[in-house]
Structure formats: structure tokens, C-alpha cells
Amino acid sequence: MISDGVEDEDKWLASGIAGLQQNAFYMHRALDSNNLRDALKYSAQMLSELRTSRLSPHKYYELYMRAFDELRKLEMFFKEETRRGCSIIDLYELVQHAGNILPRLYLLCTVGSVYIKSKEAPAKDVLKDLVEMCRGIQHPIRGLFLRSYLSQVSRDKLPDIGSEYEGDADTVMDAVEFVLQNFTEMNKLWVRMHHQACMVLWYYSGCQSFILFADLELRIAIGLSGLQGPAREKERREKERSELRDLVGKNLHVLSQIEGVDLDMYRETVLPRVLEQVVNCKDELAQYYLMDCIIQVFPDEYHLQTLEILLAACPQLQPSVDIKTVLSRLMERLSNYAASSTEVSNGMLYSWLQSSNRGTDDDFMLQVLPEFLQVEAFAKLNNYIGKCGCSWLYTSEVLLYGDSCFFSVDYVIEAQVDMPIAGAVTLYSSLLTFTLNVHPDRLDYVDQILGACVKKLSGKGKLDDSRATKQIVSLLSAPLEKYNDIETALKLSNYPRVMEHLDNGTNKVMAGVIIQSIMKNRTSISTSDKVEALFELITGLIKDSDENLHDEIDEEDFHEEQNSVSRLIQMLYNDDPEEMLKIICTVRKHILTGGPKRLPFTVPPLIFNALKLVRRLQGQEENTAGEEVATTPKKIFQILNQTIEALSLSSVPVPELALRLYLECAEAANDCDLEPVAYEFFTQAYILYEEEVSDSRAQVTAIHLIIGTLQRMHVFGVENRDTLTHKATGYSAKLLKKPDQCRAVYACAHLFWVDDSDSIKDGERVLLCLKRALRIANAAQQMANATRGSSGSVSLFIEILNKYLYFFEKGNSEISVSAIEGLIELITTEMQSDNTTSDPAADAFFASTLRYIQFQKQKGGAMGEKYEPLKV
């Protein structure tokens, strides 16, 4: 049925266009022959096509534009007629003889345009006559397009300041009155369409009830189901109304373009008249659209000076009007205006400082913005609040217009009892942005707005409305974007209270926004109190809520979140060691509640940040007066030991990570000459290795870490070092795979020979480790031969040969030339054996080693003499 209606409408439009073109053709022929009477006859017949009621606004507009184009040609003909001596007054009377009222009024408006241009009568009289005569058309669509045509042909002929039509008899007030009257009538026609839709709904409902009562089969046969038919009809008519709204709004645009409409006239005449029409029409669509038009078309400074008038109208609108969007756009415009005015003022200030002639005019310019902002808003607010019966808002302070806006918004929210939470938060978000641009130095205003939002959200708990939570994120992000400093946001007492109403997912998003702001601006959080407040804000990323314990977690998102927390921890710093220790303790308190999955991400950055502090305090145990220092490396190491222990005991085991951290702390304790502390960390690392590290690959990595760290330790006495070295050597020999055992054992040789320490040069034990490694390598060869039928690669022997050469160069007397030659001969024999698997990498490695020996022999000097006896 809908498709049939569209096809019928297309047929009616085509028929109307055909009739219009046919009569336009005859009109053109009459115009060419200067036949005025026939021209008026055919033009009237042409315009009669606009009398149709069958077309939708969209289709009617297409027909209207064709007629409009023809009327412009007819207007030019009327101008030529007046130049040829035809009386414009007679012409004005003649067109009123048209038979139908709609063509008559279109022709009257066309001649009226020429009449005003001729200046044979005051423009205001002609305009008044035209706008009154147009009342003859009360059909909404036909009337709107007729008055739109009147507005179009008269907009350049209004008696405005500087206009050729301004005179003793014509004033700007006449132009304003004409536009306002035309606007009022057009708005009535537009609203009438809504009432017609309601009448259609009532009619269809009544008929349907009758059909339902009379005959069920008949009701089904004609396709009525519930209120589906009338509801669809009402929806169609509302859509048609929406398509016509620009015709009404153009009047407000014309008003804004009138030069003579200054602030006083706007405040005393234009705005009250327009708002009166907006409020009295009591139509949701019209009120929303027209309020938006007022905000968009008139200058920002006018809105600023008439803020209380505009805001006073908001609570009088229909409850269903989207007032939040209206006020948000108003505050957005004022906010942008304030920001642009600040930029201009700063430019004036620079020019003024550079100028040598600083007169009173320049001083006045520099005071424009502050004086403009500090309007008499308190008196307006007090008067407005008094009318609303809200005397409890009285205060003795002189409030800026930001306060006026704040309390008015608060009142509007209270007046709109059905306003959803998302709408209220949107208003507060817009108001906050407005306040940040106008009063960036007034944190009390910002906190006051956040407090009002908290009050609105009280009792709501965590919000599950995605639109509301999105607006809260926007609200909380505004101070971060304005100040580029999280410390400023931390001063706002209501900031965390607003965050409490975010659901867990959105809370994490907001915490991420906060961290990103800190990263972007390189903000330094330098006190434990600020760190405490900050970590309370981002608790969603640090600790699982009870509701999310069993929820599935996206691993990629989770890792990204925890990495951002880790970067944040690394940025925390204070020059004062005592305060820095407080920061570390504060962070530790928070991250240890984060659960086992988070600890592997958050504990390491805390450990390394604490180790930075340790290295700043190296050697400090007592101050110069002999008194105990509050912050010492030993105290920090105690905290670190407890922290790593919590990581190693977590339900998600990461013993390898805990072992690495123990070794890092041991090395830091070594630098601070704290032997007992370093030994304790090594002990904990060994315990982890024995009890928790079971994977063979993890064991290989761990034992090499232990050997590498132990080799660098210089703080241990003989007994402690021997104990730790013996353990490491024992662990190496117990690895699962023979190649891993071999490499770990020859790595242990470095534990007995440290270049920087004369006390740790035990050549005999070095040779013992290397010989043991050879035995293990030989056993690996035999196992390979037994299992695979070949002895495998000789790469292990080549690696051991390189260790022999290393210690030979370092002056280990236990490494003899004969031992090296014997090893070279062994490798050569194995490589030539048929049982040895070919390995190009091993061949290249061995060849490179032999070249190195030849190079050292040819090098000369002490090293050359050492290598000279070696026969290759």
C-alpha cells in the first residue's frame, strides 16, 4: 500500500509539473508580446497548480521551485512595465482580481516586491499589507510555502540601517515587526500540522474501534491491526513536519541579518517575542528546533547578555523536549566564544606591550574581555531564582555568569523530572567545558559542577546506561584535557566520587585515559598523598572487582592495561629519599591487592624503581652526626624481599620472574656492600630454583642467570662464596640434557676466575670445571652414537676449546699448551670420523677458532710469545 501511495504521488507531481509548464509556456508568449492581461491570466493558472493537497512537502517543494523560477521572470516583466509607464499602484490592484486566493497572493507578493522597489509607498505599509493578506491561506503546507516566498522576495527590501528603503516613515522596528509577524504565522501553520496528525490518530482510532465492534472479518480485510495504521500516519506527518522546519527557521536567520537589531532591541523585543511564540506553541518538535535556531543564528555576545532570559524559558518547555542538547549547544557556543575572545585579548596584550603609544583606548581594549565576562549576573540570577521560588540559593558573593549558568542548569534539570541520567550528565559535561574555558583558574567552580553531578547520581549506584557512562567519561576527561596535569584533577574532591558511578568496564577506560594523560604530558607525581589519590582513581586497572572475578578477560587488552600501569609506576619519582620510600610503600600497598594475574606486570617496575632509590643511597647507613637515617638501603631491601616473596607465592606461579628479581636485588646489595642481604637474596633464588623451577628450559636459563650474577659479586667472603659457587656447580651438573650440563659446567669456570679480583683466581678449579665439561661432552657424543648411530656434532668440544683459549690468555697457568693442542687434535679427529654428523656451522666455528690462534701468533708482543709454542 505504501508503494502504491508513492507511485500515485509521483503521478500527481508529474501532472502538476505538466500543467505548470503548459501555462508557463503561454505566460512566456504573453510576456514576449507585452500582453499584461494574458500574462496575469496564465500566471494565475500556472500558480493554481500549487493549490494541490495531494503532495508531500518534499514533492510540493519540487513543484514550488519550478513556480518560483517562473515568478522571478514575471517579476522582471512587472519592473519593465513600470518603466514603460504602467502604474505600479494599478498593477497592485489588478493582480488582486485573480479568481483563486493562492495564485492571487503569490502574484500580490511578486508585484509587492516591485512596489517596494519603486518607493512609491512606504515599505512598511506594503510589507504590513502583504503579511496580513497571507493570512488568507490557512492550509499548513500551502501557507508555509507562500510565506516563505514572501520572506524570500522581501528580505533585500527591508528598511534596515544603511538600506535604501530606510527613511522617515520606515524604521528598523518596522522590518523587525514584519519578520516577527511572518515568523509567528508560519510557526502556527507548522504546529497545526501536529494537531492534524493527532486528529487523524483520533479519527482512525475511533473508526477502528467501530470496525472492531461491528465486524472482525471486515477489520482484518481492510488491514487495520491495533493502532498500526494511525500510528504510521502520525509518523508520516511528523516526518513531513520535520522537512518543513527550515522554512520557519529562515525567519530567525533573516532577523539575525538585520543590521539595526542591536543588543538592546534583541533583548527587549526580538528575543522575548520569539521565546513567547516558542513557549506558547507547546509543541515538542517546534520548541526544540526553534530554541536551537535561536542559539545558532544570533551572535554569541547577545546570548551572553541575555542568558537569564534564555534560561528562564527552558523550564517552560514541554517535558519531552531534548533540553540537554539545547543547553549543551548554548554552552558550547559561549565556551568557544570565551576561548576565542581570550586569544584575541592575548593578541591585543602583545601588540599593546610592543606599542610605544599606550593610550587610554588601548587600556580599555585590554579590559574588554574581563568586563564582558563579569556582567551583572548575580542580580539577574537572584531575580530569576526568586521567581522560581529558590531563595535558598541566595549568597552574598558577587557571582560571574558562570554561576548563573550553573544554578540555572541545575534548576532546569530539577524542573525536567523525566530527564534521563544521560541527559543530565550531558548538561553537566557541557557546563564543565564552558567553565573550564571561561574560568580556568576557578577550581572551585569545576568541583562544584562535579558535586552537582554526584548529587544527581546519588542512589543510582553503578550506571549500566552506555550513553550516561560515555558522558561521564567526557565529563571527567575535560579537566585533564584543559589543564594537562593530573595533579589539578587530584585537587577536585568530587572527581573520584563521580568515577564511583562508572561500571567496571568504563572505570577501566577512564583509568586508562588518566594514565595516558600522565604519559602524554610527562606529569611528575612526587608525593605519597598524590600517589595514594591517583591509585584510588585507577583502582579499576589495579584490582579486580568482586563482580568481574569470573568474567572472561581479553588477554591483549589486559596486557595493554597492565603495561600502562607499569609505565606509570616507573614515572613516580621524588628527590627526597624519605618521600620516595613512602611512594614505594603506597604503590606496594595497592598493587599487592591486584591479584595473581596482575603481579607479574606491576611488581617488576616497583622493584626496579626501588632499586634506583637504593643506588642513590649506596653506602648510606648513618648520617654524619651518627644518628640512624630513616631511609636506608637495608630497609628498602626488606620491603623488596617481602614484595618478591608475594610474587613467588601467588596462585599464578612465575618463579622464573621472582628468581630474576631476587638476583637483581642481590646485585644491588652487592653494590651497597651488604653481604648478609645479598646472601639472603641468593638463598631465596636458590630455594625458588630447587622448589619451583621444574621446566628444563627454564632451569637452563635460571642457572646461567645465577652464574652470571654470582660472577659479578665481590661482597662475599670466602665461605659464603664457596657455598654459593658449590651450589651453582651442582645445579649445572644436574640439568636434564647433556649439552645443557656441559655448557653450564664450563660457564661455572668463570666463578673461579674473576679478572677484577686478585683473590678470586683459582686456576686449578677452572681447569677442573673445563675437564668436567669435556667428560660431559664426550658422554653426549657416546649417547648420540648409541641412540642415532652417529656421534653428532663436535660443537661442544669447539666451545670448550674457546674457553681454554680464554683462560690461557688471562694467564691461568693450569691451562697448558699441550692441553690445548690435545683438544685441537681431538676435535680434528672427531670431525674426520665417519661416525660424526656433518655440521657446516661447527666446521665454520672451528676454522674461525684456528684462524684466531694464527692471528694471535702473528700479532707479536707478549700475546704472540704466549701463543708461539702452540702448534696448530
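Mentor: Happy to. Let's begin with a term: a salt bridge here is a side-chain nitrogen of Lys or Arg within 4 Å of a carboxyl oxygen of Asp or Glu. As for the source, this is a predicted model, where local features need pLDDT of at least 70 and side-chain atom pairs count only at pLDDT 80 or more, while totals for chains, interfaces and linings use all residues. Residues are numbered from 1 along each chain as its sequence is written, and side-chain values use heavy atoms, with hydrogens and water left out.

Trainee: Good. How many salt bridges does a search of the whole structure find?

Mentor: The search finds 24 salt bridges. Side chains of opposite charge can pair when their charged atoms come close.

Trainee: Which residue does Lys157 form a salt bridge with?

Mentor: Its partner is Asp156, and the closest N and O atoms are 3.0 Å apart.

Trainee: And is Lys157 buried or exposed?

Mentor: Lys157 is buried, at 4% relative accessibility. Asp156, on the other hand, is exposed, at 52%. The cut-offs are under 20% relative accessible area for buried, over 50% for exposed, and partly exposed in between, with a 1.4 Å probe and protein chains only.

Trainee: What about Arg333, which residue does it form a salt bridge with?

Mentor: Arg333 pairs with Asp300, with 2.8 Å between the closest N and O atoms. This pair links distant parts of the chain: Arg333 belongs to helix α16 (residues 323-354) and Asp300 to helix α14 (residues 300-305), 33 residues apart. Helices (H or I, at least four residues) are DSSP runs, as are strands (E, at least two), and they are numbered from the N terminus. Asp300 counts as buried, with 14% relative accessibility.

Trainee: Where are Asp671 and Arg615, the other pair I marked?

Mentor: Asp671 is in helix α33 (residues 655-671) and Arg615 in helix α31 (residues 599-616), so to speak distant parts of the chain, 56 residues apart. Their side chains meet in a salt bridge at 3.7 Å, N to O. Asp671 is partly exposed at 32%, and Arg615 is partly exposed at 37%.

Trainee: Which residues do salt bridges that share partners join into one network?

Mentor: That network holds Glu132, Arg135 and Glu185.

Trainee: Switching topic: which residues gather in a patch of negative charge on the surface?

Mentor: Asp554, Glu556, Asp557 and Glu560 do. Patches are made of residues with over 30% relative accessible area and no salt bridge, with like charges joined within 9 Å and nonpolar side chains (Val, Leu, Ile, Met, Phe, Trp, Tyr) within 5 Å. Glu560 lies in helix α29 (residues 555-571) and is exposed at 53% relative accessibility.

Trainee: Now Asp283. Where does it lie?

Mentor: Asp283 lies in the loop between α12 (263-281) and α13 (284-297). With 3% relative accessibility, Asp283 is buried.

Trainee: Which backbone nitrogens does its side chain reach?

Mentor: The Asp283 side chain reaches the backbone nitrogen of Leu285 at 3.4 Å and that of Ala286 at 2.8 Å. Leu317 is 34 residues from Asp283 in sequence and 8.6 Å away in space, C-alpha to C-alpha. Leu317 sits in the loop between α15 (307-313) and α16, and is buried at 5%.

Trainee: And Glu284, where is that one placed?

Mentor: Glu284 is in helix α13 and is partly exposed at 40% relative accessibility. Its C-alpha is separated by 8.3 Å from that of Pro319, 35 residues apart along the chain.

Trainee: One last thing, the backbone angles. What is the phi of Lys119?

Mentor: Lys119 has a positive phi of about 60 degrees, although it is not a glycine. Most residues other than glycine have a negative phi. Lys119 lies in the loop between α5 (101-118) and α6 (123-133) and is partly exposed at 46% relative accessibility.

Trainee: And what is the phi of Asp673?

Mentor: Asp673 has a positive phi of about 60 degrees and is not a glycine either. Asp673 is found in the loop between α33 and α34 (675-691), and counts as exposed at 54% relative accessibility.

Methods:
Accessible areas come from the Shrake-Rupley method with a 1.4 Å probe; for residues, only the protein chains shown count as cover. Lys and Arg count as positive and Asp and Glu as negative; His and the chain ends are not counted. The place of a charge is taken as NZ of Lys, CZ of Arg, CG of Asp or CD of Glu. A polar contact is a pair of N or O atoms within 3.5 Å; within protein, one must be able to donate a hydrogen and the other to accept it, and residues adjacent in sequence count only if both atoms are side-chain atoms.
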